[in-house]
Each structure stands twice: as structure tokens, then as C-alpha cells.
Amino acid sequence: MSNAPKHLKSGSECPPLKEGQLRLYGMRFCPYVHRAKLVLAAKNIPYEEIHINLTEKPEWYLKKNPPGQVPSLEWIDNQPKETRFIPESLIVSDYLDEAYPQTRLQPTDPYLRAQQRVLIERFSSVVGPFYKILRGDPKEGIESINKGLATYEEALQNTYFGGSKPAMVDYMLWPWFERFPLLKDAGFQFNADGNLPKLAEWVQNMENNESVQKVKVPFDILKKFIDGYIQGKPEYDIE
């Protein structure tokens, strides 16, 4: 049985925010939340997780974050003493890397940092087709996703995109690679023709990464959620 907290929805009350505790608002199956959780795990940052039902969003969450998206961070700062709030997966991840400088995930060299950010920003060439396939448009989606992946095969010049160990760029790309098996029934299989050997090795290395393993959602549970999501009936509290 799952120990995951329930997703709070419309009509719920916001749990009291404790002083000295970092809070992550998320949704258990969201790849963007997955990004933030990978960073938190890689940097060994303690936090409280509050799950949000994205179909019936709590009124109190919409007051904090009108678009209603996740992830977001919230905490009580002491200087000055006030509640602080940050939305958006990339902004959240950047903040965590700056505010908790142990185990830095981004290069200090501005040029290398810019190069890696380009890889993150252009990953829409994979993310967009991923959702096309998931929502029932495999023909165009599979062609586009393979084209996008070929770009990343060429860009991968080391064990990881960040060098000899996983960096911010690796964690920002990973959530969709972990979800590729969801597309199997639609006819997409990662590296089906063997043309992505470097990426295939990267995937194996990432799967063995401690932070990746720590925040991974069991595939059978993820698949159940996605099946409901595709039908327009997502079930957030699957066990």
C-alpha cells in the first residue's frame, strides 16, 4: 500500500507552514515536479511535500499561485520574517542550487552553464511530441520525437550531459526518459533502431543513479494514472 500523502483539492484547508521547513507543492505523477524532487534528492535537502489535485485545485493554492501549476516552493524566511513562494520547475531548481550550495549541480563557468541551459530550453523538441503520442497522435509524434532525440544523441559528449556525473541538465531532461515506456502501446520504443547508443547508455547510468531511484514512482502506478489521465479521469490517489 502506498504511503504517499493524499492530493488536496477544492474545499480543503492549507496545512500550517512550519517555521524552518521547506515545503514543495507538487503532484505525484507530474514530470515537472519530478525535476524539483530530483534536485532536492541530489542535494539531500529535507522538505515537506504537499500534493495538489490539479483537476480540482484548492482555492487556497490558487491564491498563492493563480495559474495553479506545480511545482512550487514555500518557506518562512527569518530575515526579514516573511513567507516566501517560488513557482515553475526551472526557477525552483535554480533557486535550490543557489540557496543550498552544497553539491552544486550547475557549472560555475558561464559559457558551460549557458550551453547546458540551451539543452534544457530546447527539450521541447522531445516533450511536445511526447504528449502528442500520449494523446493519440503517434504518426507525427514518433517522427518528431526521434528527430528531437537525435539532436541529444549528438550533443552527449560525456557520460552525462553535465560531464562525468549527473548535473542540473541531466535531472531536468530525465523525467520524460523515465516515462518513455508509457508510449509503448502507441508504437514508440526508445532507441528501437539502435541509432541512439550514447543516449541508451546515459539512460542506463541515470536509472542506476541514487537520486533517480529515490524519487521514482513505480511504473505500474504511473501507468494507472496515465490511463485515467488520457480518458480525462485522472485518479490522483492511486495505491
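Trainee: What makes up residues 20-104, and how far apart are the end C-alpha atoms?
Mentor: This is a predicted model. In it, the span is 34% helix and 27% strand. Its end C-alpha atoms lie 22 Å apart. UniProt lists "domain: GST N-terminal" for residues 20-104, in an unreviewed entry.

Trainee: What about residues 109-230?
Mentor: That stretch is 67% helix and 0% strand. The end C-alpha atoms are 42 Å apart. The unreviewed UniProt entry gives "domain: GST C-terminal" there.

Trainee: Why is His 7 called buried?
Mentor: Its relative accessibility is 6%. Buried means under 20%. So His 7 counts as buried. The residue sits in strand 1, residues 7-8.

Trainee: Which residues does His 7 touch, leaving out those up to four places away in sequence?
Mentor: Met 27, Arg 28, His 51, Ile 52, Asn 53, Tyr 236 and Asp 237.

Trainee: What makes the pair of His 7 and Asp 237 a polar contact?
Mentor: Their side chains are joined at 2.8 Å. The cut-off is 3.5 Å between N or O atoms, so the distance passes. A polar atom of the His 7 side chain also lies 3.4 Å from the backbone oxygen of Tyr 236.

Trainee: How do you know that helix 1 is close to its expected span?
Mentor: Helix 1 covers residues 31-42, which is 12 residues. From first C-alpha to last it reaches 16 Å. The expected value at 1.5 Å a residue is 16 Å.

Trainee: Why is helix 1 described as largely enclosed by the rest of the structure?
Mentor: Because 11 of its 12 residues are buried. Among them are Pro 31, Val 33, His 34, Arg 35 and Lys 37. Leu 38, Val 39 and Leu 40 are also buried.

Trainee: What happens just after helix 1?
Mentor: Asn 44 takes a positive phi, about 55°.

Trainee: Why are helix 1 and helix 3 called roughly parallel?
Mentor: Two packed helices are described by an axis angle and an axis distance. Here the angle is about 5° and the axes are 9 Å apart. Under 35 degrees counts as roughly parallel. Helix 1 and helix 3 therefore qualify.

Trainee: Which residues meet where helix 1 packs on helix 3?
Mentor: Helix 1 brings Tyr 32, Arg 35, Ala 36, Val 39 and Leu 40. Helix 3 brings Ser 89, Leu 90, Val 92, Ser 93 and Leu 96.

Conventions
Residues are numbered from 1 along each chain as its sequence is written. This is a predicted model: local features need pLDDT of at least 70, side-chain atom pairs count only at pLDDT 80 or more; totals for chains, interfaces and linings use all residues. Side-chain values use heavy atoms; hydrogens and water are left out. Helices (H or I, at least four residues) and strands (E, at least two) are DSSP runs, numbered from the N terminus. Buried means under 20% relative accessible area, exposed over 50%, partly exposed in between (1.4 Å probe, protein chains only). A polar contact is a pair of N or O atoms within 3.5 Å; within protein, one must be able to donate a hydrogen and the other to accept it, and residues adjacent in sequence count only if both atoms are side-chain atoms. Contact means heavy atoms within 4.5 Å. The expected span of a helix is 1.5 Å times one less than its number of residues. UniProt positions are given in the numbering used here, feature names are shortened, and annotations may be inferred rather than shown by experiment. Axes are lines fitted to C-alpha atoms, for helices over the stretch in contact, and angles run from 0 to 180 degrees between N-to-C directions. Angles under 35 degrees count as roughly parallel, over 145 as roughly antiparallel, 65 to 115 as roughly perpendicular and the rest as oblique.
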